[in-house]
Amino acid sequence: MLQRYVRILCQARSSSNWNYSQILSVKQNAGIQYLLCFRNTSFFNKLPAEDIWRGVTAVSNAGKKRGRGKGSGKKVAKDLNKGQSLGMGRNSRVWPGLNSPVLRGYELVHSQKMTDSHDKVNGIIKLRDSMSNFRIMKLNPIDRGWSGSKMPGRSIGPPDSVGEEEFSSFDTRVLENKIVFIMKGNMGRKRRYSVLSVTGNGNGLAGFATAKAPEVRTALRKSKNRAGQKLININLCENRTIYHDFYTAFGKTKIYCFQKPDGYGLICHRAIQTICKVIGIKDLYAKIEGSTNVQHIVKAFFIGIMQQRSYKNIANETNLYVVQKQKAKNGYAEVKGMPYLPTTNPYSAAVADYMHFTLGNKIVLKEKKIFPFYFNSKGHQLYQTKEERFRNQAFVRLHDLVNSYF
Amino acid sequence: MHLVRQIRQLNGLQGLRHALRQVSTAPTKPATLKYERDPQPLFTDAETQKLLQSMTQLHLDRVFRKRTVPDNSSEIKFMTTEQLELEFQSMVEKAQHMLQMPPVVKIKEDVDRIIAKDPALKDFADTKFVFTDITFGRRQSERKVVVRETDGTLAYASLDTTKRMNQLYFPLDGRQSYTPRMFALEELIAKCLTEHKYEYVMDRLLVQYEPHEPEFHNISARVFEHLNESKQFDLLRSTRHFGPMAFFYAWHRCIDDLLYDMIRRDYLQNAVELIALSYKIHNVPVEYQETLAKLDALHPTPAQSALTELRSGMRQPEGQQGIEQEIHSAIGKTEKDFTADEISLQFIEQYIASEHALKKVQLELAVQTLKEVNQEKLQLFQGLKKAHGIQAS
């Protein structure tokens, strides 16, 4: 067995392919041998540093033609030799002849361990990090948008003041930030950033605008300022919700919006949520049918809230009283809209359903519920039968405790 | 692990329950005033009920005020004039139903009613056995609960046991099996009273106890006594507790503070009714029916006035009593009101002069102030009428 091991070692040494191999350990255990081989050759130790760094920082000729690597200065070659001196490695040692004299007086200096210092290693890492000028931005969780550090959903502050007009109470939020291309006669495919943002004072004054620019920052600024120039006044019901349910559409996007009671919140698409926050709407349910293209959602929603009618107008249109019954007031009927000429025909009131009237006789599509494939299987039914008597059990137990002991 | 934690929680709760029981044995401070006779026949009398209802008044915005509910959604409807009218009527009916007064009855005494004594069954078990009739649809009061004692006696259960069994098999929403801390701890109830949460205490009391229970009498009397000192009577107006409160004061001859409050707020008819109620309860030989009849003819009932107020929100046919209506709404009183005020003031002054009134000076002052204000209003009313050329009817 020992002979065989030596032979392998010799083979390894003699073969040019196994030039850099090292045999780390050979375990001899119950007649089984393990041979662990490591190849320490790669382009890292074959190529000079310059070539390796070029591979990371530069763009190939073909890539340059396609317009890659325009964001210059994102990655810069680091000089890894900076902060290091010969003989000082990860293991701090005195190397006689390398980092210390070999003789001390008449005495021969031996290799010996120095005191460890972590600061030095950290210092080197810090130094290396500071050399590159690109860092992933760390965002405060409050400032985050819809997703990570992406722009959509993030606030970009109030629009810049125009003359003496200040937008002090305004807040602008980005809804869309994307790259768009156009073909130019002399430049070919030209790239720009398109930004859609909405600005508002949270009290019924809001506007939105799209702007394009070759730089993201410019596009953001342009769109923000343009939105500030296109403000629309929106009346809010009880300063928190919309006046009535409505249907609105733009292109293939259809939106059904529903008025909701105090404390309901915004249950809708994130773009509509952001717009509502900026306008000052606090309670709303909205269902989108069809395309969820953000530009279309914004346009459809703004059209919808601008086309709202007051209770008085609705009453005059139908010649019927508009009466609100609140459950919080135990069904107290409040007259909200009074017509000029109240109709006495009970048939018209029976036919006219308020929600159908405000939604323009449109009905939200009720999608058929798709059950999982195992739903009708015998096993699942058995499981449900078994679980049935434990449903709600925790709640019932809690209720019992509360009712009997306190 | 979870199970162990739950068991520990349960143990903790039991410990607490033990503590609470100890606390609840020490009752809250007893009230000073009690019904020594049975007040029920006088209270349920039709005339008394009418007086109390009139005194309670019916402000719809008070009855249907915004409350915290699990579902606070609202519904919007189209209605014709007729439908709206019907809706208003049903709302007033509903309000009247919500203002139904809890009965004032005497405390029910616990009596032992033994059915059978079977000495042969002695020591058949270590514990008593309670048998409850759980037939569906039977009223709580007629549900039979019997107990077999360990010595073999079979007897009807005590009121306490009957209530507990009823709550066990047919739980009433909001009623607890053990005394709520609010009623068990003196400092908690005192805090509620100092914060003037009278309606809340009364509502909770009504859910937790039956009107014939001593706790109900004690705590409600304490609330009314506290109210008489703090004089915040308006907090109970248009609630179902105003009637029992007025009855309580009339019964215990302490109506003067409530009367003063009524005069100050210009509820003169109510003041007359309160005095009449007091005369009725104590059999004072004063003829009050005539005055009441006169006032009834001049004033609409609370339900009627609530309905008129609701109707004012509807579109009025134009050109009908335009200017006269405007004068009334500007001054707040009509000609009828002035006549009624005169009759009421006469009756009230008669009461103040009699030996029944205790706070005479205070009441006289209030009446005097009201008279002056009324005089000014009357002058203004007549002047305005003259200016607009409306003939006095």
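The following dialogue explains how several descriptions of this predicted two-chain model are reached.

Trainee: How do you know what confidence the predictor has in chain A and chain B?

Mentor: The score is pLDDT, the predictor's confidence in each residue, from 0 to 100. Chain A averages 85, with 87% of the residues at 70 or above; chain B averages 87, with 91% scoring at least 70. Over residues 15–26 of chain B the pLDDT is below 50, and this stretch has 9 contacts beyond near neighbours in sequence. Residues 1–28 of chain A also stay under 50, with 23 contacts beyond four places in sequence. Where pLDDT is low, the predicted coordinates should not be read in detail. The model scores ipTM 0.80 and pTM 0.73.

Trainee: What makes residues of chain B count as in contact with chain A?

Mentor: Two residues are in contact if their C-beta atoms, placed from the backbone, lie within 7 Å. By that criterion, 30 residues of chain B are in contact with 32 residues of chain A. On the side of chain B that touches chain A, helix H1 (2–25), strand S1 (74–79) and helix H5 (81–98) each supply at least two residues. Helices (H or I, at least four residues) and strands (E, at least two) are DSSP runs, numbered from the N terminus.

Trainee: Why are S13 of chain A and S1(B) said to pair?

Mentor: Two strands pair if DSSP finds at least two bridges between them. Strand S13 (residues 321–326) of chain A and S1(B) have 6 bridges, in the antiparallel sense, so they meet the criterion. In this pairing, A:Gln324 stands opposite B:Ile76. S13(A) also pairs in the antiparallel sense with strand S14 (residues 332–337) of chain A, over 5 bridges, and A:Val323 stands opposite A:Val335 there. The hairpin of S13(A) and S14(A) has 5 residues between the strands, and A:Asn330 takes a positive phi near 60°.

Trainee: What makes S2 and S3 of chain B edge strands?

Mentor: Each of them, strand S2 (114–117) and strand S3 (129–132), pairs on one side only. They belong to an open sheet of 4 strands in the order S2-S5-S4-S3, with antiparallel pairing. Within chain B, 3 bridges join strand S4 (residues 145–148) to strand S5 (residues 153–156), and B:Arg148 stands opposite B:Leu154.

Trainee: Which sheet of chain A has mixed pairing, and what packs on this sheet?

Mentor: The open sheet of 4 strands in the order S9-S10-S12-S11 has mixed pairing. Its edge strands are S9 (246–250) and S11 (266–267) of chain A. S9(A) and strand S10 (residues 253–259) of chain A run antiparallel and are joined by 5 bridges, and A:Phe250 stands opposite A:Thr253. Helix H8 (residues 294–306) of chain A packs on the sheet, touching S9, S10 and strand S12 (284–290), and its direction makes about 140° with that of S9(A). Axes are lines fitted to C-alpha atoms, for helices over the stretch in contact, and angles run from 0 to 180 degrees between N-to-C directions.

Technical notes. Residues numbered from 1 in each chain as written. Chains lettered and ligands numbered in written order. Predicted model: local features only at pLDDT ≥ 70, side-chain atom pairs only at ≥ 80, totals over all residues.
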